[in-house]
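Please open the structure in your viewer and keep the selection tool at hand. The tour goes from stop to stop, with something to select at each one.

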Amino acid sequence: LHGSNSVIGRSVVIHLAEDSSRWVCATIKNDNVQINVISTFETTLSGYISMSQTKVNPDADTEVFVVLSQEDSSTTSAHMWHVHETEVTDGDCASTDGHYNPEGINGGAGFTTYNYLCSSMGSDYCEVGDMVGKFEALDMPAKQLYTDAKLPLSSLNSVSGRSIVVHDEAGAGARLACASLIDSAATSLTPETETETEPEEGFSSWAAGAIIIVVAFAATYFLAIFFTKKQTT
């Protein structure tokens, strides 16, 4: 659904089993206006993490698309990553404060207990900003798509205007890179597409018109034959 190879604006075709001919088809549309939030990394790491959610429903699933790599193109693994409370100030990752946790998950629970609950019981037991707990650590270069059931981009607990911090490899705690989460004010799932174009009408529209024309012509033809025979008799 993202990038230059997105399937949005293309089509799905279902074929007949008998001869594989095209039976029905439909255009793939993005009918819902989306909130798109993006964090762009320019120091130490290069790339972005984008998030998309239906605008009218802050409880809807959020798609998280990760495209990141080391600036020197090196291969590294097991990078923890989290949404932090505040945006980045003056490029300083320490300015982002702690993990974003508006629900107070983990209150009083030991770290081991929290990790178990978050990884085994689902996102309801995770901090909103605990991306590694809800999904996995990142290996660089990274290109991953996740679906998050607990990552609002609007309403009271929105992550928009906050930040993402990626930590050193091998589970180390040091903050390696960070970027603020900025509302891109876009309406499409594909950030690279500047404007949306209305797809051409699908099979059903022109096929229905053609059928009506054929039926009308056939009816006129047979009526003409009927009346001609009636007059001759």
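Which residues form a nonpolar patch on the surface? Select Val12, Ile14, Leu16, Trp23 and Val24, which together make up this patch and have about 420 Å² of accessible area between them. Strand 1 (11-15) and strand 2 (22-27) are the elements that each give two or more residues to the nonpolar patch. As you look, please keep in mind that this is a predicted model.

Next, go to strand 3 (residues 34-41) and select Asn36. Asn36 has a relative accessibility of 7% and, because that is under 20%, it counts as buried. Show the side chain of Ser52 as well, and you will find a polar contact of 2.5 Å between it and the side chain of Asn36.

The following stop concerns aromatic rings, of which the structure has three pairs by the distance rule used here. Select Tyr48 and Phe65, whose ring centres are 6.3 Å apart and whose planes stand at 70°, so that the pair is edge-to-face. This pair links distant parts of the chain, since Tyr48 belongs to strand 4 (residues 45-54) and Phe65 to strand 5 (residues 62-70), 17 residues apart. Tyr48 is buried at 18% relative accessibility, and Phe65 is buried as well, with a relative accessible area of 11%. Then select Trp81, Phe135 and Tyr146, which form one aromatic cluster.

Now turn to the charged side chains, where a search of the whole structure finds two salt bridges. For one of them, select Glu103 and Lys150, whose side chains meet at 2.7 Å, N to O. The two residues come from distant parts of the chain, 47 residues apart, with Glu103 in the loop between strand 7 (81-84) and helix 1 (111-121) and Lys150 in the loop between strand 9 and strand 10. Are these two partners buried or partly exposed? Glu103 is partly exposed at 44% relative accessibility, whereas Lys150 counts as buried at 9%.

For the other salt bridge, select Lys134 and Asp148, whose side chains also meet at 2.7 Å, N to O. Here Lys134 sits in helix 2 (residues 131-134) and Asp148 in strand 9, 14 residues apart, and this pair too links distant parts of the chain. Lys134 and Asp148 are both buried.

The last stops are about the backbone. Most residues other than glycine have a negative phi, and most peptide bonds are trans. With that in mind, select Met140 and Pro141, which are joined by a cis peptide bond with an omega of about 0°. Pro141 is placed in the loop between strand 8 (138-140) and strand 9 (142-148).

Move on to Ala78 in strand 6 (residues 76-79), where phi is near 55°, a positive value in a residue other than glycine. Ala78 is partly exposed, at 26% relative accessibility. Finally, select Ala170, which has a positive phi of about 60° although it is not a glycine. Ala170 is found in the loop between strand 10 (163-167) and strand 11 (175-180), and it is exposed, with a relative accessible area of 65%.

Conventions: Residues are numbered from 1 along each chain as its sequence is written. This is a predicted model: local features need pLDDT of at least 70, side-chain atom pairs count only at pLDDT 80 or more; totals for chains, interfaces and linings use all residues. Side-chain values use heavy atoms; hydrogens and water are left out. Patches are made of residues with over 30% relative accessible area and no salt bridge: like charges are joined within 9 Å, nonpolar side chains (Val, Leu, Ile, Met, Phe, Trp, Tyr) within 5 Å. Accessible areas come from the Shrake-Rupley method with a 1.4 Å probe; for residues, only the protein chains shown count as cover. A salt bridge is a side-chain nitrogen of Lys or Arg within 4 Å of a carboxyl oxygen of Asp or Glu. Helices (H or I, at least four residues) and strands (E, at least two) are DSSP runs, numbered from the N terminus. Buried means under 20% relative accessible area, exposed over 50%, partly exposed in between (1.4 Å probe, protein chains only). A polar contact is a pair of N or O atoms within 3.5 Å; within protein, one must be able to donate a hydrogen and the other to accept it, and residues adjacent in sequence count only if both atoms are side-chain atoms. Rings of Phe, Tyr and Trp (its six-membered ring) pair if their centres lie within 6.5 Å; planes under 30 degrees apart count as stacked, over 60 as edge-to-face and the rest as tilted.
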